[in-house]
Amino acid sequence: IPNPQYLNYFIKKKSIHLLTNNLIFSELFKRMINKCIFVFILSVIQVFIIKGKNNSIFDEKNINNEFKHISIKPELSNVKYIGRYLIKEDITYLLQSGSAIEFYLNAKSAEIVLAGDGFSIYHEEYEKPRYAIYVNDNILLDTTMGEREKTVLLFNNEKELEIKIKVILLSEAIFGGIGIKTINVISSDSNNKVIRPTEKKKISIEYIGDSITCAYGIEAKAPSEYFETKTQNFEKSYAFLASKELDYDYSVICYSGCGIISTGNIMSQRYTKINYFSDTNNEWDFSKHHNDIIVINLGTNDFGYVWGFRIDEYVEKYADFLKLVREKNPDSHIICLLGMMGCEDLFPLINEAINLTGDKKIYSFLLPAQRIEDGIGAEYHPNVVSHAKWGKLVAKIIKDIIEDNSD
């Protein structure tokens, strides 16, 4: 049950929160335009000097007759893709919150060559993409991408071992992605044995959302803190935690400030794209990426636009978006969530929209709002405590729907 003290405070601050979201979006767009020429010039220069900046363990002294140096490009046959990605100019880009690759290596030593996306690496420090690398489920690196190219040593053992590797984007699509150029190994195995993808789960979930799903400001210590990618961590979001508890695969598309009718930031215009921003706005191939469950968490950013004169429009637009999601996911169960940051008055309108579709496989759930005593993240967004609670609730909702519809 929402805390009354928080709700009263939230109502007073909501208009400021909504204005802040749109100001952030507008300012980001202006910065993108202003940086284009600068980015292009620097990119051309770096093409000629980048190779000299990366040191590698893979020189002749580390290779003998038993072992050989193998360079591998990530692809569907040898790595598991989690979430939306784009392969462009032989580079695999992870572009949405939580997008990742996972694989096993049978090798003595290994390194991975990463690439900046050519634009976001020139952002200010507070808005560079954040990513992490795991080796055997232990974190090796958690940092932001500020280089055009970067080589990371994964492991260097005395003997050959099978090692699990994961690379994941922790920040959101607006701030750019992380690229994987090659995976270099020292191994005695042939190229078709040295690497294999991790196992796919039986069930997959797609999350569609705004800054809440993006884990905006989740690691900040107080609401007075301004946003920075260093405090945005998808692995602590309700979406990631619910998927982990259920042991399901996931895919995510989310943008801060996004909604159904939010001015200049409408999910229906972005949903079919890999990443709506920069030069990675390619169409996403839904036919090759089936999801059993779709979770939609939108409405918080619409709250200030709806009341008074846009109620009917909101219901109609929400219904239209549900139809778009259904078109791309013909047999998925669709779950509509609301309430994490208040805005409960929109919930009846969401139910009206569901009724308009006549779709019997769409469900709605109102979740409890964040509580002051649990702490608040950056700019009044939910923190790790709130997300952990919602992760358990969402996992239970999904589990119940799967069980109720099992044969």
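Predicted model: local features only at pLDDT ≥ 70, side-chain atom pairs only at ≥ 80, totals over all residues.

I call a residue buried when its relative accessible area is under 20%.

**Rings**

I looked up the aromatic pairs and got a count of 11. I checked Tyr85 with Trp284: the ring centres are 5.8 Å apart and the planes sit at 85 degrees, so I logged the pair as edge-to-face. Tyr85 is in strand β3 and Trp284 in the loop between β12 and β13, so this one links distant parts of the chain, 199 residues apart. Tyr85 and Trp284 are both buried.

Next I took Tyr207 and Tyr238. Their planes are also at 85 degrees, with centres 6.1 Å apart, so I have edge-to-face again. Since Tyr207 belongs to strand β11 and Tyr238 to helix α2, the pair ties together parts 31 residues apart in sequence. I find both Tyr207 and Tyr238 buried.

**Charges over rings**

I found Arg270 over the face of Tyr276, 4.1 Å from the ring centre. The charged end of Lys166 sits over the ring of Tyr134, at 5.9 Å from its centre.

**Helix α6**

I tested the length of α6 (residues 384–404): 21 residues at 1.5 Å a residue should span 30 Å, and the end C-alpha atoms are 30 Å apart, so that agrees. At its start, I see a side-chain oxygen of Asn383 within 3.2 Å of the backbone nitrogen of Val385. I listed the buried residues of α6, among them Trp390, Val394 and Ile398. The buried residues of α6 pack against β11, α2, β13, β14 and β15.

Methods
Residues numbered from 1 in each chain as written. Heavy atoms only, no water. Helix = DSSP H or I, 4+ residues; strand = E, 2+ residues; numbered from the N terminus. Expected span 1.5 Å × (residues − 1). Buried < 20%, exposed > 50% of the residue type's maximum accessible area, 1.4 Å probe, protein only. Contact = heavy atoms within 4.5 Å. Polar contact = N/O pair within 3.5 Å; in protein donor to acceptor, adjacent residues only side chain to side chain. Phe/Tyr/Trp six-rings, centres within 6.5 Å; stacked < 30°, edge-to-face > 60°. Lys NZ or Arg CZ within 6 Å of the ring centre and 35° of its normal.
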